[in-house]
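Let's take a walk through a protein model, one piece at a time. Keep the picture open while you read.

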Amino acid sequence: MSDHGGTEVRDAIVIGTGQAGKPLARALGDAGLETVIVERDRVGGSCINYGCTPTKTMVASARVAHLARSATRWGVHTGETRVELGEVVRRKQQVVESFRDGSRRGLERTEHVELVMGQASFASADVVEVALSGGGTRRFRAPRIFVNTGTRPARPPIDGLDDVPAYDNTTIMDLEQLPRHLLVLGGGYVGLEFGQMFRRFGSRVTLVHRGQRLLEREDDDVSEAILEILREDGLELLLETSARKVERAGKHGLRLAVEGPEGSRTLEATHLLLATGRTPGTDGLNLAAAGVRTDDRGYIRVDERLRTGVDGIWALGDVKGGPAFTHISYDDFRIIRTNLLERGDATTRDRLVPYTLFTDPQLGRLGLNERQAAAAGRPVRVARLSMDNVARAIEAGETRGFMKALVEPDSGRILGCSILGLEGGEVAAVVQTAMMGGLPYTALAEAVFAHPTLAESLNNLFSTLDD
């Protein structure tokens, strides 16, 4: 249906097919609301196309290479280990395309939902114009508009960067020839995962991080343990070091001038990975035409119900700032579905935000850590257990890392955990289940878990609580 100006009228418009937009469009369609969902590039958002799915597929290949090279530790003797990066990339792409095609088919099969490919921008608070990928434009009017346009890699202000080939987390996953020496700028999640991955593939890796320690949101002991693990794996890590200038060096190389604790130096390498953060995908949306406000970094401002302050416009997922995780984007969808379709009253208030760093071993994190508790002035009891005291880890031959949990002294409630170890993300999920149920730490300390499992180690972890 169109109005007299040729603008097509719908019940809802969803901009972006990420892990909030896609399920939301399907839920709206299933509820009988005529919905158009607009995608500029590839269905599935960053998680399927550039983030979780491809990176964890390649991390799995890197772990196999690592195990093959160190197989003699388990009494297994193999021949030379050689990584064919092109084969790794093709396997990754097959998984990505399978997930992406499934997402697209799901949208196209949903009644009352139309997928439109193109760049969306606001013409007013209830009109969105789409510059179609195949040429031409369409205009849509709807009383409900949802923005789920995510983020993209940020590009740091380094002199000479525009004159050298530089990769981000998206483009580096298409390399089919292994970098001889990879420079990684940034010591966050992306930098650490990719740095360890390419080291295990066989590249020399130097990671440059301007902070005093890696993962500055984590406790000092966690950051230090991860630093030691990565150095043990053969990465060169330069902390408190800033990139100043980059230039080409010969036909296939580059030079990076850095400033660190020991003064100025020049690093020579063959490839450069930029892992220095993300920037919101709000450019091109013409948010001003709708009256939607952003913060000083360009993220859309929302309240605890994901409303933008403009009636009928919501923002979901990474584009609104805050925790940039796929599972948070999906929970944003659930909040909208609950409030809009089920007449509920869901909010982001007091939402537990678990996350996992997919280095090997993994870091599973949830709730408060010691640093945050101290900043908030909250008294805590701390439980800590080294992974070399975990039976399953010893049997598996993977004892790097430790477990730590915080408990409220009076109530015995679990306030958070940091699980750095074999399948740390999975073990943290067991702790999360107890926290979601409001159980005291004794529920895990005295639980009967199957032996020998990693979850069983929670018995011993909570037996170490300090006084």
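## A helix under cover

Buried means under 20% relative accessible area, exposed means over 50%, and partly exposed is in between (1.4 Å probe, protein chains only). Because 8 of its 10 residues are buried, α1 is largely enclosed by the rest of the structure. Those buried residues are Gly21, Lys22, Pro23, Leu24, Ala25, Ala27, Leu28 and Gly29. After α1 comes Gly32, with a positive phi near 90 degrees.

A quick word on the source: this is a predicted model, where local features need pLDDT of at least 70 and side-chain atom pairs count only at pLDDT 80 or more, while totals for chains, interfaces and linings use all residues. Residues are numbered from 1 along each chain as its sequence is written, and side-chain values use heavy atoms, with hydrogens and water left out.

A salt bridge needs a side-chain nitrogen of Lys or Arg within 4 Å of a carboxyl oxygen of Asp or Glu.

## Two helices crossing

Now look at α3 (residues 52–69) and α4 (residues 85–109), whose axes come within 9 Å and cross at roughly 145 degrees. Axes here are lines fitted to C-alpha atoms, for helices over the stretch in contact, and angles run from 0 to 180 degrees between N-to-C directions. On the α3 side, the contact is made by Thr53, Pro54, Thr57, Met58 and Ser61; on the α4 side, the residues include Leu85, Val88, Arg91 and Phe99.

## Salt bridges that do form

Side chains of opposite charge can pair when their charged atoms come close. The structure holds 41 salt bridges. In one of them, Lys320 pairs with Asp332, and the closest N and O atoms are 2.6 Å apart. Lys320 sits in the loop between β17 (313–315) and α8, with Asp332 in α8, so the pair ties together parts that are 12 residues apart in sequence. Lys320 is buried at 14% relative accessible area, and Asp332 is buried at 0%.

Lys404 and Glu370 also meet in a salt bridge (2.8 Å, N to O). Lys404 belongs to strand β21 (residues 402–407) and Glu370 to helix α9 (residues 370–376), so this pair ties together parts that are 34 residues apart in sequence. Is each end buried or partly exposed? Lys404 is buried, at 1%, whereas Glu370 is partly exposed, at 32%. Elsewhere, a network of salt bridges links Arg63, Arg200, Glu232, Asp233, Asp360, Glu398 and Arg400.

Technical notes:
Helix = DSSP H or I, 4+ residues; strand = E, 2+ residues; numbered from the N terminus. Contact = heavy atoms within 4.5 Å.
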